[in-house]
Amino acid sequence: MLKLIGVEAFYGKIKALHGVSLEVPDGKLVCILGANGAGKTTILKSISGVVEPEMGTIHFDGVRIDRLDPEKIVSLGISHVPENRHVFPELTVHENLVMGGFLVREKSLLKVRLEEVFDRFAIMRERKDQLAGTLSGGEQQMLAISRALMLKPKLLLLDEPSLGLAPLLVQEIFATIKNLHQSGVTILLVEQNVNQALRIADYGYVLTSGKIFLSGTYEELRREEKVREMYLGEGKYVRRARLWGS
Ligand SMILES: Nc1ncnc2c1ncn2[C@@H]1O[C@H](COP(=O)(O)OP(=O)(O)OP(=O)(O)O)[C@@H](O)[C@H]1O
Ligand SMILES: [Mg+2]
């Protein structure tokens, strides 16, 4: 469904992506893992058209999208839930959702979409008249995802949805993502919560300094000593430290 080939992106003279190639097959949940500053957000921004790649190509559903405007890319069926959620704090939950459906011209269809979101997330229906800025962090993340679903995207881009949430809410967000995946939404997920992300993903890419350094299924990546050490906290150095009782 989505294919990046040799994507290079810059911020001024700083090169953030060094020839990134990756694929997201229809109906799959793919995750991108990597440390702070690795370029994860830049990949998502390149897909949604916020950053224009200098080199390489991005195809979605057979259409080349790397030279298109963000609005056109949204209309093709890609919704991006950005880092730090960015809900409109002064608007109610209901108003935020209507904003999310900005490309839905027919009022009746907008209503149907709202109902679908409310059926999926009971908490959104419960809080529909509450100002988004007064929701808890976890609820704001649910709202950001709900808002993106208002356009019934074929592909959902999620940028660190679990960031800054309490452990219980992290579980809830991952359960939500798993549910979305099971209901057929194709998802590209960026996470630093490696263990949890890999558990629900079909495939993972590990990014370091703007380059894909490894890729594979959970089982394949788990076998990589470097991944275990860097991300899963169970590599040989950690084991040695445990042996020595520290
Ligand atoms: N608007 C910008 N202007 C200049 N440099 C930027 C800009 N946005 C990102 N960068 C740089 O590009 C590189 C990749 O940033 P990016 O935000 O894609 O990383 P990330 O993997 O999403 O990190 P994090 O996990 O901290 O969100 C970093 O070195 C960052 O400093
Ligand atoms: Mg980021």
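Helix α3 (residues 93-100) packs with α6 at an angle of about 35°, their axes lying 7 Å apart. Helices here are DSSP runs (H or I, at least four residues), as strands are (E, at least two), and both are numbered from the N terminus. Axes are lines fitted to C-alpha atoms, for helices over the stretch in contact, and angles run from 0 to 180 degrees between N-to-C directions. This is a predicted model, in which local features need pLDDT of at least 70, side-chain atom pairs count only at pLDDT 80 or more, and totals for chains, interfaces and linings use all residues. Residues are numbered from 1 along each chain as its sequence is written, while chains are lettered from A and ligands numbered from 1 in the order in which they are written.

The crossing of α3 past α6 is right-handed, a term used when the near helix is turned clockwise from the far one by less than a right angle. On the α3 side, Val93, Asn96, Leu97, Met99 and Gly100 meet Leu143, Ser146, Arg147 and Ala148 of α6; contact requires C-beta atoms, placed from the backbone, within 7 Å. Five of these residues are nonpolar, three polar and one charged (nonpolar: Ala, Val, Leu, Ile, Met, Phe, Trp, Tyr, Cys and Pro; charged: Asp, Glu, Lys and Arg; polar: the others, Gly among them).

Helix α6 (residues 137-149) also meets helix α7 (residues 167-182), with axes that come within 10 Å and cross at roughly 15°. The two are therefore roughly parallel to each other (angles under 35 degrees). Gly137, Gly138, Gln141, Met142 and Ile145 of α6 make this contact with Leu169, Glu172, Ile173 and Thr176 of α7.

Notes: Angles under 35 degrees count as roughly parallel, over 145 as roughly antiparallel, 65 to 115 as roughly perpendicular and the rest as oblique. Two residues are in contact if their C-beta atoms, placed from the backbone, lie within 7 Å.
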